[in-house]
Amino acid sequence: MAHSVTCSSLSFAWPDGTSVFEELDAAFGPGRTGLVGVNGSGKSTLLKLIAGRLSPADGTVRVAGTIGHLPQDITLDTATRVDETLGVAAQRAALHAIESGDAAEEHFETVGDDWDVEERALAALGELGLDHIGLDRTLGEVSGGESVLLRLAALLLRRPDILLLDEPTSSLDLYARRRLHAAVASWPGVMIVVSHDRELLKLVDQVADLRAGGITWFGGNFSAYEEALAVEQEAAERMVRVAEADLRKQRRELVDAQVKLARRKRYGQKMWDQKREPKIVMGLRKRAAQQSAGKHRVMHEERLAEARERLDEAVEAVRDDGEIRVDLPYTAVPPGRSVLTLRDLELVHGARVAGGYDLHGAERIALVGRNGAGKTTLLRTIAGELAPVSGEVAVHVPARFLPQRLDILDGELSVAENVARFASGATDNLIRSRLARFLFRGARADRKAATLSGGERFRAALAALMLADPAPQLLMLDEPTNNLDMVSVRQLTTALESYEGALLVASHDLPFLASLGITRWLLLEEGELTETAPGALGATDD
């Protein structure tokens with residue numbers, strides 16, 4: 001029987017009553033499916049329902065085959081050994097006991113037919129570029145990206161029929177991403193992958209777009225999906241223009257009809273006043289005119305209502321993926337202005353900046369390197385959160401730092417109140433008008449930060465920093481696209497287009513970095529910071 005996942009009339013709501021799906025129908029068969037959608041649309045929830053980690057309020061999930069699930073929120077005990085993470089610790093222990101001469105029956109039962117368990121485990125590690133780790137090390141000795149790959153290696157060892165991956169590349173460096181991409185490309189079974197990684201989504205066979213509680217299917221990879229979506233949206237926008245023109249026409253016709261009826265009424269009243277015809281005849285004409293006027297008015301009002309409905313339907317078909325458009329003139333930095341100075345810097349975890357680095361004017365610098373190389377430590381040191389072991393860090397302009405955790409927001413305060421913390425001199429009206437450009441309009445600005453989705457939380461944090469007083473002329477971002485959907489990444493890119501200060505971004509997302517107009521690339525590797533070029537990154541990380 002072919003392996004598959006079938007969701008029938010699936011409904012799910014959170015304990016507070018917030019509905020995620022209502023009677024969702026979907027079927028996933030052999031091949032790789034990219035599951036996309038805006039933050040908060042329910043992608044991770046759907047994977048958890050399929051994996052059995054959540055229970056639906058109604059409907060069914062039928063799974064034909066075994067499931068392996070790599071969730072987005074991985075929490076691992078740092079004391080856990082690699083072989084325990086891979087699920088082979090018991091077999092290894094039994095195998096080693098047998099090899100040392102202990103012929104107890106339980107050891108043979110534990111091993112079963114899996115006599116090559118160590119070889120298979122090491123091969124799985126090697127496939128993902130982890131052969132340097134070994135099976136006896138603990139997770140506390142590996143980087144965050146390596147721990148994600150270890151979880152994937154554990155799934156590959158189990159050989160499930162259906163593989164569910166939730167943002168698998170969000171914490172991976174360039175080297176690890178390519179390893180994961182290769183594993184995805186060679187996967188033979190059913191795969192459902194949630195990701196904002198364009199390069200990963202180019203490897204899928206079809207795209208399932210989860211939106212407003214329903215799924216729309218697109219054949220081909222993400223590039224084909226974007227092309228089809230562009231054509232669809234162009235047609236939808238054209239229908240909006242047609243519907244708007246029809247609505248204007250119906251409004252004009254209604255006004256014209258009302259003018260004509262008013263003229264007839266005045267004429268009839270004039271005839272009545274002048275008594276040019278018998279009273280009974282004028283009464284009949286008046287009633288007939290009133291009936292005709294009523295029918296005429298009802299007809300035009302119905303046409304107007306139908307035109308409004310057509311416009312509403314047309315607008316509904318156009319995606320409201322608004323763009324952040326802000327004017328930030330106070331962030332501008334003159335070309336010769338010194339922004340940042342680093343001299344013979346040694347960081348707390350061992351990375352060094354030998355010699356000196358200077359940042360001038362509105363430079364846009366990408367900070368790249370493998371997981372654990374010290375990129376976050378360097379940014380936190382520049383931001384003043386960590387003191388260097390030795391050397392000099394001098395920031396010459398107002399600076400702001402947006403960390404991966406987005407913990408600059410107070411969850412108990414509203415979006416507007418959070419922004420006010422950073423711009424204490426701004427009036428409430430000014431803050432709200434600026435927030436509207438970050439897509440927090442009206443009541444959305446009054447929502448507590450703790451209730452925001454991932455993409456909304458990021459926009460709120462970005463607004464708090466970019467609207468701060470004084471305006472930041474050096475903005476530092478640490479892995480800003482992690483766990484953002486495609487729409488949020490586009491919104492971030494457009495917001496940074498209007499930013500006129502210096503930019504320092506640590507990221508593994510090369511397409512995103514390329515979209516920012518990076519002027520310099522800095523590579524932090526083996527404890528040394530060096531200048532590099534984007535074309536050299538592939539060779540460096542292999």
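**Salt bridges**

I searched the whole structure for salt bridges, counting a side-chain nitrogen of Lys or Arg within 4 Å of a carboxyl oxygen of Asp or Glu, and the search found 19 of them. I note that this is a predicted model, in which local features need pLDDT of at least 70 and side-chain atom pairs count only at pLDDT 80 or more, while totals for chains, interfaces and linings use all residues. Residues are numbered from 1 along each chain as its sequence is written, and side-chain values use heavy atoms, with hydrogens and water left out. As background, I wrote down that side chains of opposite charge can pair when their charged atoms come close.

I looked up Asp-83 and found its side chain in a salt bridge with that of Arg-81, at 3.0 Å from N to O. Asp-83 is buried at 1% relative accessibility, whereas Arg-81 is partly exposed at 30%. Both residues belong to a network of salt bridges that also links Arg-92, Glu-118 and Asp-136.

Next I turned to Glu-226, whose side chain meets that of Arg-198 in a salt bridge of 2.7 Å, N to O. This pair links distant parts of the chain, since Glu-226 sits in helix H9 (residues 222–274) and Arg-198 in helix H8 (residues 198–201), 28 residues apart. Helices here are DSSP runs of H or I with at least four residues, strands are runs of E with at least two, and they are numbered from the N terminus. Glu-226 is partly exposed, with a relative accessible area of 31%, and Arg-198 is partly exposed as well, with 27%.

**The sheet of six strands**

I then followed an open sheet of 6 strands, which has the order S5-S6-S7-S3-S8-S9 and mixed pairing; two strands pair if DSSP finds at least two bridges between them. Why is one side of S5 and of S9 left without a neighbour in the sheet? Strand S5 (67–70) and strand S9 (214–219) stand at the edges, each with a single partner strand, so one side of each has no neighbour there. Inside the sheet, strand S6 (residues 162–166) and strand S7 (residues 190–194) run parallel and are joined by 5 bridges, with Met-191 in S7 as the bridge partner of Leu-163.

I found strand S10 (residues 338–346) paired with strand S11 (residues 352–360) in the antiparallel sense over 7 bridges, and Leu-345 has Val-353 in S11 as its bridge partner. The hairpin of S10 and S11 has 5 residues between the strands, and there Gly-350 takes a positive phi near 105°. S10 also pairs with strand S13 (residues 390–395), again antiparallel, over 5 bridges, where the bridge partner of Leu-340 is Val-395 in S13.

**Glu-363**

Last, I looked up Glu-363, which is found in the loop between S11 and strand S12 (364–368). Is Glu-363 buried or exposed? Glu-363 is buried, with a relative accessible area of 16%. Its side chain makes a polar contact with the side chain of Arg-520 at 3.2 Å, a polar contact being a pair of N or O atoms within 3.5 Å, where within protein one must be able to donate a hydrogen and the other to accept it, and residues adjacent in sequence count only if both atoms are side-chain atoms.

Note on methods:
Buried means under 20% relative accessible area, exposed over 50%, partly exposed in between (1.4 Å probe, protein chains only).
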